[in-house]
Amino acid sequence: GGRILLVLGDQLATDHPALTALDAARDRVLMIETAGEATAVWSHQARIALFLSAMRHHRDALRAQGWTVDYLDLDSEPPDAPAGLDHRLAEALQRLRPSELWVMEPGEWRIEQLLETTAAQAGVPLRWWADPHFLCTRERFARWAQGRQQLRMEHFYREMRREHRVLLDAQGQPEGGTWNFDADNRQPYPKGGPGAIPPPAWFPPDGITQEVLALVSRRFANHPGSLAHFAWPVTPDQARAALRRFIEHRLVGFGPYQDAMWTDTPWGWHSLLSSSLNLHLLDPREVIAAAEAAYREGRAPLSGVEGFIRQILGWREFIRGVYWLDMPGLRQANHYDHHRALPAWYWTGATRMACLRDALTQTLAHGYAHHIQRLMVTGLFGTLAEIEPRQVSDWYRAVYVDAVEWVESPNTLGMALHANGGRFTSKPYVASGAYIDRQSNLCKMCEYRPKEKTGPRACPFTTLYWYFLDNHRLALRANPRTRPMTMHLDRWSEDERQALRESALERLHRLDEL
Ligand code: FAD
Ligand code: SF4
């Protein structure tokens, strides 16, 4: 037969480069839904629904363009014997006997291996296509990283700004005279709260999405999370409408409040574009160009626009480069040798800690939390409570609609947990409850006290933070970036240190009750 283009669930762009090289009369597209993928790691119901609905919309868009799409849906798979992607692909290759199998590089190392093996076993030549939904290819990143002692996002980002001519002035220098406006960003909300924030764009479920929601509640009822609020973009048109809404109404507040938290404020001024970007419903170039245009037209301040572009042209591209550089070892990373079990309340939100309750409840309701909630609440607790990194990482991959391994695992294992020993961060992101108190109103709603280090009312973050510093003080002292954190410790008496250790161990032994 002709050639087959396999389109994976996070490759849903109609401008897939392989399509221009295929012949609609002879070649076909193959798309495969598998319960195996939804359960290989545990997955939020909204995450499963988003992938399935966006895949089905993409199938219809390709058919409308005249492509023959072989679409293997979940209903054609026996629920009692869910096959993995490898089995279903092997079957399809046997049935269709293509001359070649074409695939765009996937977002997960394991899938790349699996496709190589399956194609080889079927005797079908496999041709890889680079993923054009990144500005920096895997090879380009590897070249940048070569010979560097330390991988620093900031250096990479400046090179990307120059290379792609983003936010540069007429002389090729950074717009506004500096590469980084973080000093102007990252404020807490005003004392009285965030006030009225223009809402993000939501998309009520259409016919296809409603069918998928019914299917997910039937087949995956025991999975975590809720479908009650499902309204994520599932098509490129919707993703573009979401981008427009963000640029027109919400980008102005992004910079100053990107690190702020407040009760009943799940979205803040964030873009909520990660799932659309990761599924390829949106091209990052379009997002960057729209933000830059808003600045050039005087509709958004440079500081916030630079901060937003840094997230996409800097962090997103950097994280992806690091993932492919460090896999498969990254998945095993456990720098601090932590082995405690993830507390059960990560799956329910039933904890007395107000900050965690807030972040977890919104995560289970929507499949979304913003960066500071992920890094400095759920992630920080994972580090301080000595949770096994693999368990934390599997949790993140399960609960967020934007979770794909290439972006989830470096963020969790590298940035939040420091499990890779600081491969691309200059220090562990650790803080006490005082940080959360400064960035939010959450501590005012909490039965714990952010400033107390020991005793029953002490904030668990604070107790465990000081315990962490004490445990790691030699390493922290050796690093000029963290040495100041340890100064306090030197002034503690042995009695104080002993009381802290007792309080901390008491907490660590009863994490499920906090
Ligand atoms: P905004 O705050 O509006 O930012 C704009 C865009 O920048 C995002 O849509 C995203 O594409 C990109 N971006 C921002 N920060 C990062 C980052 N650190 N790494 C990569 N891209 C970034 N992001 C995911 O897309 N999938 C994940 O599975 C994921 N897991 C994470 C796990 C942890 C522990 C942490 C700390 C962060 C994780 N992130 C992940 C990064 C970031 O938190 C999310 O991209 C962001 O919160 C998504 O919300 P938003 O679209 O409103 O982002
Ligand atoms: Fe979170 Fe501690 Fe503040 Fe409570 S006191 S909300 S546990 S930081």
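Which residues surround ligand 2? In this predicted model, ligand 2 has Met353, Ala354, Cys355, Gly433, Ile436, Leu442, Cys443, Cys446, Tyr448, Pro450, Cys459 and Phe461 around it. Two elements give two or more residues to that shell, namely helix H13 (354–366) and helix H17 (433–439). Sorted by class, the shell comes out as eleven nonpolar residues, one polar residue and no charged ones.

Phe461 turns up again in the aromatic part of the story. Ring pairs join Phe461 to a cluster that also holds Trp345, Tyr346, Phe381, Trp395, Tyr396 and Tyr400. Two members of that cluster, Trp395 and Tyr396, are also among the buried residues of H15. Helix H15 (residues 389–399) is mostly covered, with eight of its eleven residues buried. Besides Trp395 and Tyr396, the buried set in H15 takes in Pro389, Val392, Ser393, Arg397, Ala398 and Val399. As for what they pack against, the buried residues of H15 meet helix H3 (45–64), H13, helix H14 (371–384) and helix H16 (405–416).

Trp144 sits in helix H6 (residues 138–145) and Phe156 in helix H7 (residues 153–163), so the pair ties together parts that are twelve residues apart in sequence. Trp144 and Phe156 are buried as well.

Charged side chains also make use of the rings. Arg138 has its charged end over the ring of Trp324, 3.7 Å from the ring centre. Arg320 does likewise with Phe134, lying over the face of the ring at 4.0 Å from its centre.

On the domain level, the assignment for the protein chain gives domain 1 (3–129), domain 2 (138–326) and domain 3 (344–513). Taken over C-alpha atoms, the centres of domain 2 and domain 3 are 24 Å apart. Their contact involves 32 residues from domain 2 and 33 residues from domain 3.

Asn185 is in the loop between H7 and helix H8 (207–219). With a relative accessibility of 3%, Asn185 counts as buried. Beyond its neighbours within four places in sequence, Asn185 touches Gly255, Pro256, Gln258, Ser303, Gly304 and Gly307. Gln258 is 73 residues away along the chain, yet its C-alpha atom is separated from that of Asn185 by 7.4 Å.

Ser275, found in helix H10 (residues 274–278), is likewise buried, with 2% relative accessible area. Leaving out neighbours within four places in sequence, the contacts of Ser275 are Leu50, Trp232, Val401 and Asp402.

Asp10 sits in the loop between strand E1 (3–6) and helix H1 (17–21). Its relative accessible area is 12%, so Asp10 is under the 20% limit and counts as buried. Apart from neighbours within four places in sequence, Asp10 is in contact with Phe51, Gly107, Asn278, Leu279, His280 and Val404. Tyr257, on the other hand, is 247 residues from Asp10 in sequence and 30 Å from it in space, C-alpha to C-alpha.

Finally, Thr34 is placed in the loop between strand E2 (28–32) and helix H2 (35–40). Thr34 is buried too, at 10% relative accessibility. Setting aside neighbours within four places in sequence, Thr34 makes contact with Leu74, Glu77, Ala83, Gly84, Leu85 and Arg88.

Note on methods:
Residues numbered from 1 in each chain as written. Chains lettered and ligands numbered in written order. Predicted model: local features only at pLDDT ≥ 70, side-chain atom pairs only at ≥ 80, totals over all residues. Heavy atoms only, no water. Helix = DSSP H or I, 4+ residues; strand = E, 2+ residues; numbered from the N terminus. Buried < 20%, exposed > 50% of the residue type's maximum accessible area, 1.4 Å probe, protein only. Phe/Tyr/Trp six-rings, centres within 6.5 Å; stacked < 30°, edge-to-face > 60°. Lys NZ or Arg CZ within 6 Å of the ring centre and 35° of its normal. Contact = heavy atoms within 4.5 Å. Near = heavy atom within 4 Å. Nonpolar A, V, L, I, M, F, W, Y, C, P; charged D, E, K, R; others polar. Domains from an automatic or database assignment.
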